[in-house]
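Please open the model in your viewer and keep a selection tool at hand.

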Amino acid sequence: MNESRDLRKGVRFGILTALSFAVLNFSVKISLGSLPPAELTFFRGLSGTILFLPVVKVKGSLLLRRDALSLWGRSMVSAVSIVCLFANIQTVGVGNAMALANVSTVFVLGLSWIFLKEKLSSFELLGVMIVL
């Protein structure tokens with residue numbers, strides 16, 4: 001019973017995530033030309049900070065711990081990624097930009113194979129071939 005409830009909860013969060021990204025990308029497209037991608041990224045980060053500040057107050061911030069260097073690195077790479085995504089949306093349009101952004105899975109598989117020496121199953125390789 002708990003497993004099906006968790007699955008429904010996960011699906012709801014997944015749908016909410018997709019809807020949130022759709023609204024975000026739509027708002028970036030609407031601001032075409034009026035705000036540069038760096039400013040859009042700043043306001044995205046600011047609104048996220050304001051939205052999740054109560055959660056950080058209650059649970060504490062992981063970014064302030066001594067072993068948080070990898071989290072800071074991920075945050076910096078994510079910021080660069082979002083700036084590039086916003087520039088891409090403003091340049092080629094939402095549909096093409098999202099298609100290119102979703103190819104990141106192929107890069108993750110390739111980089112994990114090269115640097116982490118992970119084994120790729122034939123199913124994963126088939127998926128890469130289909131995507132490409």
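**The helix pair**

In this predicted model, begin by selecting α2 and α3, where α2 passes α3 in a right-handed crossing. Helix α2 covers residues 37-59 and helix α3 covers residues 69-92, and the two pack at an angle of about 125° with their axes 8 Å apart. That angle makes α2 oblique to α3.

Next, show the side chains at the contact: α2 contributes Pro-37, Ala-38, Leu-40, Thr-41 and Arg-44, while α3 contributes Ala-79, Ile-82, Val-83, Phe-86, Ala-87 and Gln-90. Coloured by class, this contact of α2 with α3 has eight nonpolar, two polar and one charged residues.

**The largest pocket**

Now select Arg-44, Gly-45, Gly-48, Thr-49 and Phe-52, which lie nearest the centre of the largest pocket among the 28 residues that line it. The volume of this pocket is about 1100 Å³. Which helix gives the most to the lining of the largest pocket? It is α2, with 10 residues, although α1 (2-30), α2 and α3 each supply at least two. The lining divides into 15 nonpolar, 11 polar and two charged residues.

**The second largest pocket**

Move on to the second largest pocket, which holds about 530 Å³ of space. Its lining has 16 residues, and those closest to its centre are Ser-78, Ser-81, Ile-82, Ala-101 and Ser-104. The elements giving two or more residues to this lining are α3, α4 (94-101) and α5 (104-115), and α3 gives the most, with eight residues. By class, the lining of the second largest pocket has nine nonpolar, five polar and two charged residues.

Key. Residues numbered from 1 in each chain as written. Predicted model: local features only at pLDDT ≥ 70, side-chain atom pairs only at ≥ 80, totals over all residues. Heavy atoms only, no water. Axes fitted to C-alpha atoms, helices over the stretch in contact; angles between N-to-C directions. Helix = DSSP H or I, 4+ residues; strand = E, 2+ residues; numbered from the N terminus. Parallel < 35°, antiparallel > 145°, perpendicular 65-115°, else oblique. Left-handed = near helix turned anticlockwise from the far one by under 90°. Contact = heavy atoms within 4.5 Å. Nonpolar A, V, L, I, M, F, W, Y, C, P; charged D, E, K, R; others polar. 1 Å grid on protein atoms, 1.4 Å probe; cavity = no way out; pocket = protein on both sides within 12 Å on 5 of 7 lines; lining within 4 Å. Points joined across faces, edges and corners; volume = space filled by probe spheres on them.
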